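Open the model in your viewer and keep the selection tool at hand. This tour goes from stop to stop, saying what to select and what is there.

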Amino acid sequence: MTLVTHYQRLVSAMQAALIPLLLTVCRLWVAWVFFRSGWLKYNSWDSTLFLFELEYQVPLLPWQLAAYLGTATELIVPLFLLLGLATRPAAFVLFFFNIIAVVSYPALWPGGFYDHQLWGLMILITLIWGAGPLSADHVLSKRQQASQN
């Protein structure tokens, strides 16, 4: 066996072990971050309304609607990521939600923009590669394949 072949087998084994872990960590991390933010908004609703009215600059939506939709999105969509259910549509929603958060809150840029970039990258990984084998999507896909055979 050549050195290149040995290296390729090693990389394949490493990917087989680590890619499912990477997809799961990205999915769960992003779910936790967004759910925690939604929970904070929900538990301090007066502050949330104040921020949406006077601080956040959500384009195209009245601030009240933006507050309700933003909070609901942060509480509901992460649950789909947590379960790995309808993962790509959920990741798509959170990807654009993340962009809107950055655009809507200019004060975020000096201290929190790096976090939003990291979360955006993790969401893109999830959007492109899916939930991975440790997910409801994977289980449902296997069941569907089995029923077709």
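Start by selecting Trp45. Trp45 is partly exposed, at a relative accessible area of 21%. (Buried means under 20% relative accessible area, exposed over 50%, and partly exposed in between, with a 1.4 Å probe and protein chains only.)

Before moving on, some ground rules. This is a predicted model, in which local features need pLDDT of at least 70 and side-chain atom pairs count only at pLDDT 80 or more, while totals for chains, interfaces and linings use all residues. Residues are numbered from 1 along each chain as its sequence is written, and side-chain values use heavy atoms, with hydrogens and water left out.

**Aromatic pairs**

How many aromatic pairs does the structure hold? There are nine. Rings of Phe, Tyr and Trp (its six-membered ring) pair if their centres lie within 6.5 Å; planes under 30 degrees apart count as stacked, over 60 as edge-to-face and the rest as tilted.

Select Trp39 and Tyr42. Their ring centres are 5.7 Å apart and their planes stand at 35°, so this pair is tilted. Both residues sit in helix α1, three residues apart, about one turn of the helix. (Helices, H or I of at least four residues, and strands, E of at least two, are DSSP runs numbered from the N terminus.) Trp39 is partly exposed, with 44% relative accessible area.

Tyr68 counts as exposed, at 52% relative accessibility.

Now select Phe34, Phe97 and Trp119. Ring pairs link these residues into a cluster.

Select Thr71. Thr71 lies in helix α3. Buried or exposed? Thr71 is buried, with a relative accessible area of 4%. Show its contacts, meaning heavy atoms within 4.5 Å. Not counting residues up to four places away in sequence, Thr71 touches Gly38, Lys41, Tyr42, Trp45 and Thr48. Draw a C-alpha to C-alpha distance to Val33: 13 Å in space, for 38 residues in sequence.

**The largest pocket**

On a 1 Å grid over the protein atoms alone, a cavity is a set of points where a 1.4 Å probe fits but cannot get out, and a pocket is an open set with protein on both sides within 12 Å along at least five of seven lines; lining residues have an atom within 4 Å of a point.

The largest pocket holds about 760 Å³ of space. That volume is the space filled by probe spheres set on the points, with grid points joined across faces, edges and corners. Its lining has 29 residues; select Ser37, Lys41, Glu74, Phe97 and Ala101, which lie nearest the centre. Which helix gives the most to the lining? Helix α1 does, with six residues. At least two lining residues come from each of α1 (3–43), α2 (45–54), α3 (63–83), α4 (87–104) and α5 (109–129).

Colour the lining by type: 18 nonpolar, eight polar and three charged. (Ala, Val, Leu, Ile, Met, Phe, Trp, Tyr, Cys and Pro count as nonpolar, Asp, Glu, Lys and Arg as charged, and the others, Gly among them, as polar.)

**The largest nonpolar core**

A nonpolar core is a set of buried Ala, Val, Leu, Ile, Met, Phe, Trp, Tyr and Cys residues joined through side-chain atoms within 4.5 Å. The largest has 15 residues; select Val30, Phe34, Leu81, Leu94 and Ile123, which touch the most other members. Helices α1, α3, α4 and α5 each supply at least two residues of this core.

Stay on Leu81. Leaving aside neighbours within four places in sequence, its contacts include Arg27, Val30, Leu94 and Thr126. Step to Thr126, in helix α5. Thr126 is buried, at 3% relative accessible area.

**Two loops**

Most residues other than glycine have a negative phi. Select Leu60, in the loop between α2 and α3. Leu60 has a positive phi of about 75° although it is not a glycine. Leu60 is exposed, at 87% relative accessible area. Then select Ala86, in the loop between α3 and α4. Ala86 is not a glycine, yet has a positive phi of about 50°. Ala86 is partly exposed, at 33%.
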